[in-house]
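Keep the structure open while you read.

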Amino acid sequence: MLKNRINRRTILHGAITLAGTLAAFQIGSAKTQAQPKRKGILFAVDLQNGFLTTPESKAVVPKVVDNANQFHQVWVTRFFNRNPNFSRQVNWNEMVSGPETELSPILTPVVNKTFDKPSYSSVSRTLLRALRRKGITTVAIAGGDTDACVMATALGLFDAGFETF
């Protein structure tokens, strides 16, 4: 394990408050002549039972649900550990199948679309095609492991030209 880890509580606090902050922007509802209307989604990364093991991580899910109506849609990812690097390089063999890979039952009622992924980043050709096909221009990203999968996804979407939060 890495000895110099970023303070996870601080990172989680940022993720927890992200959805509330974005609600203030009212993504997708601003009607001004200066700016074109943005069509935004809330993209929840890996809010699965196996990752929701602390009070801080569990607190992210209700924040996402409470703010879901501020967005055009809520899309989510599910991580499945099928990348041999996780086992070989970091000796991590969890999140392969079963109840730990299922989405939080609190989250599922607001989910419009689900993407499965085998790595840190959620960005794939399938995801990018879906975003562009739906005319999505803005993606607000939320999740518990902001120093890993959430960050990888945010950077990938930013690099692909999406407005990201």
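Start with the sheet: it is open, has 5 strands in the order β3-β2-β1-β4-β5, and the pairing is parallel. At the edges stand β3 and β5, each with a single partner strand, so one side of each lacks a neighbour in the sheet. Bear in mind that this is a predicted model.

Zooming out for a moment, the protein holds 6 helices and 5 strands. Follow the sequence and you get the pattern α-β-α-α-β-α-β-α-β-α-β. Of the 165 residues in the protein, 39% are buried.

**Inside the sheet**

Now for β1, which spans residues 40-45 and pairs with β4 in the parallel sense over 6 bridges. On its other pairing, β1 joins β2, again in the parallel sense, over 4 bridges. G40 has T138 of β4 as its bridge partner, and I41 has V139 in β4. Towards β2, L42 stands opposite V74.

How many residues of β1 are buried? The count is 6 of 6, so to speak a mostly covered strand. Both of its faces are covered: G40, L42 and A44 sit on one side, I41, F43 and V45 on the other, and all of them are buried.

What about β4, residues 138-143? Here too 6 of the 6 residues are buried, so the strand is largely enclosed by the rest of the structure. From β4, T138, A140 and A142 point one way, while V139, I141 and G143 point the other way, and all are buried.

**Salt bridges**

How many salt bridges does a search of the whole structure find? There are 2, and here they are side by side:

| Side chains | N to O distance |
|---|---|
| K117 and D46 | 3.0 Å |
| D116 and R78 | 2.7 Å |

Take the K117 and D46 salt bridge, at 3.0 Å from N to O. K117 belongs to strand β3 (residues 113-117), whereas D46 is in the loop between β1 and α2 (55-58), so the pair ties together parts 71 residues apart in sequence. Are these two buried or exposed? Both K117 and D46 are buried.

The D116 and R78 salt bridge comes in at 2.7 Å, N to O. D116 is in strand β3 and R78 in strand β2 (residues 73-79), so this pair ties together parts that are 38 residues apart in sequence. As for cover, D116 has a relative accessible area of 46% and is therefore partly exposed. R78 is partly exposed as well, at 26% relative accessibility.

**Out on the surface**

Which residues gather in a patch of positive charge on the surface? They are R125, R129, R133 and K134. R133 has its place in helix α5, which covers residues 125-133. With 62% relative accessibility, R133 counts as exposed, because the cut-off for that is over 50%.

One more spot to look at is A160, in the loop between α6 (149-159) and β5. Its relative accessibility is 25%, so A160 counts as partly exposed. The C-alpha atoms of A160 and L128 are separated by 8.1 Å, with the two residues 32 apart along the chain.

Terms used. Residues are numbered from 1 along each chain as its sequence is written. This is a predicted model: local features need pLDDT of at least 70, side-chain atom pairs count only at pLDDT 80 or more; totals for chains, interfaces and linings use all residues. Side-chain values use heavy atoms; hydrogens and water are left out. Patches are made of residues with over 30% relative accessible area and no salt bridge: like charges are joined within 9 Å, nonpolar side chains (Val, Leu, Ile, Met, Phe, Trp, Tyr) within 5 Å. Accessible areas come from the Shrake-Rupley method with a 1.4 Å probe; for residues, only the protein chains shown count as cover. A salt bridge is a side-chain nitrogen of Lys or Arg within 4 Å of a carboxyl oxygen of Asp or Glu. Lys and Arg count as positive and Asp and Glu as negative; His and the chain ends are not counted. The place of a charge is taken as NZ of Lys, CZ of Arg, CG of Asp or CD of Glu. Helices (H or I, at least four residues) and strands (E, at least two) are DSSP runs, numbered from the N terminus. Buried means under 20% relative accessible area, exposed over 50%, partly exposed in between (1.4 Å probe, protein chains only). Two strands pair if DSSP finds at least two bridges between them.
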